[in-house]
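Subject: Structure handover

Hello,

Here is the structure I promised to pass on. Please open it first, then read my notes alongside.

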Amino acid sequence: GELGFDSGEGGPRNGFHGTSHKYVVEQAAAFLGKEKINAVSLHLGNGCSVACVQDNISIDTSMGYTPLAGLPMGTRSGDIDPSIILKLVQEEGYTIDQVDDILHNKSGLYGISGSSDSRTVEQGLAAGDAACSLAFRIFAYQVRKYLGAYTAVLNNKVDCVIFTGGIGENSPVLQEMVCGGILPVRHDNYSRSRDVCDVTADEQGTRVLVVRTNEELAIAKECLRFC
């Protein structure tokens, strides 16, 4: 085509947080006593991505050519209608650099609530702040959509849903908003001191696991493997 995408010159679908996703999937598999698992891995922090994992291999990811794609994040927009960019440039008079700054640094939780810190936004949600409530609920809704989509990709054969990253590991409220009505969760046995914690309410079926990521350790293990 005119853009050269059919000649191999287009941008690759990179995906990000691969080290974290790989680590927590391995931790989850060991916890479940299985060599390989199907999972939806939710790395939720200031940057966020979802991995669709089949037999321990990521077959899809919410991020694309850059980390801007997918979920709304601390300051990144996540997926948006491309026509918004055209409107800002052609009708509102923004430059490309200004739009780039908006999409990367002034969108997501920050763009809606005024704060990029999910803890502040969650506190605002609890206090009834309208902007914080909107931001947090939009974020949870988008995570929930990816969970549903990737569950379908895996033909509903999902061993576990993994919450990891700063928000994923530390926000029971988010876990309940994402899983509510699909996979009931409970937190009476939840402990942040555990590397893996099963917060599933049901005794059987897909497990909801909170897994503490350790990207530094995972990188060190990969380096050792090549030494």
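Start with Asp-188, which is exposed because its relative accessible area is 56%. Please keep in mind that this is a predicted model.

Asp-188 has a partner. Arg-186 forms a salt bridge with Asp-188, and the closest N and O atoms are 2.4 Å apart. Arg-186 counts as partly exposed, because its relative accessible area is 40%.

**Salt bridges**

How many salt bridges does a search of the whole structure find? The search finds nine. Side chains of opposite charge can pair when their charged atoms come close.

Another of these pairs is Glu-91 with Lys-87. Their closest N and O atoms are 3.2 Å apart. Glu-91 is exposed, at 58% relative accessible area. Lys-87 is partly exposed, at 42%. Glu-92 belongs here too: salt bridges link Lys-87, Glu-91 and Glu-92 in a network.

Now look at Asp-198 and Arg-207. They form a salt bridge, with 3.1 Å between the closest N and O atoms. Are these two residues buried or exposed? Both Asp-198 and Arg-207 are buried.

Arg-207 takes us to strand β6, which covers residues 207–211. The strand is mostly covered, and five of its five residues are buried. Arg-207, Leu-209 and Val-211 point one way. Val-208 and Val-210 point the other way.

Which strands pair with β6? Strand β4 (residues 160–164) is joined to β6 by four bridges, and the two run parallel. Strand β5 (residues 196–198) pairs with β6 in the antiparallel sense, over three bridges.

Find Leu-209 in β6. Ile-162 stands opposite Leu-209. Leu-209 is also the bridge partner of Asp-198. Recall that Asp-198 forms the salt bridge with Arg-207 as well.

**A hairpin**

Move to strands β2 (residues 48–54) and β3 (residues 57–61). Four bridges join them, and they run antiparallel. Cys-52 stands opposite Asp-60 in β3. The two strands form a hairpin with two residues between them. Asp-55 sits in the turn and has a positive phi of about 50°.

**Cysteines**

How many disulfides does a search of the whole structure find? It finds zero. A disulfide is a covalent bond between the sulfur atoms of two cysteines.

Take Cys-132. Its closest cysteine sulfur is in Cys-48, 16 Å away, so the two are too far apart for a bond. Cys-132 is buried, with a relative accessible area of 8%.

Take Cys-197 next. Its closest cysteine sulfur is in Cys-160, 13 Å away, so this pair is also too far apart for a bond. Cys-197 is buried, at 1% relative accessibility.

Thr-151 lies in helix α6 (residues 130–153). Thr-151 counts as buried because its relative accessibility is 17%, and the cut-off for buried is under 20%. Its side chain reaches the backbone oxygen of Leu-147 at 2.7 Å. Leaving aside neighbours within four places in sequence, Thr-151 is in contact with Val-40, Asn-156 and Val-158.

Thr-95 is in the loop between α2 (83–90) and α3 (96–105). Thr-95 counts as partly exposed, because its relative accessibility is 41%. How far is Thr-95 from Val-50, C-alpha to C-alpha, and what separates them in sequence? They are 31 Å apart in space and 45 residues apart in sequence.

Best wishes

Note on methods: Residues numbered from 1 in each chain as written. Predicted model: local features only at pLDDT ≥ 70, side-chain atom pairs only at ≥ 80, totals over all residues. Heavy atoms only, no water. Buried < 20%, exposed > 50% of the residue type's maximum accessible area, 1.4 Å probe, protein only. Pairing = 2+ DSSP bridges. Polar contact = N/O pair within 3.5 Å; in protein donor to acceptor, adjacent residues only side chain to side chain. Contact = heavy atoms within 4.5 Å. Disulfide = S-S within 2.5 Å. Salt bridge = Lys/Arg side-chain N within 4 Å of Asp/Glu carboxyl O.
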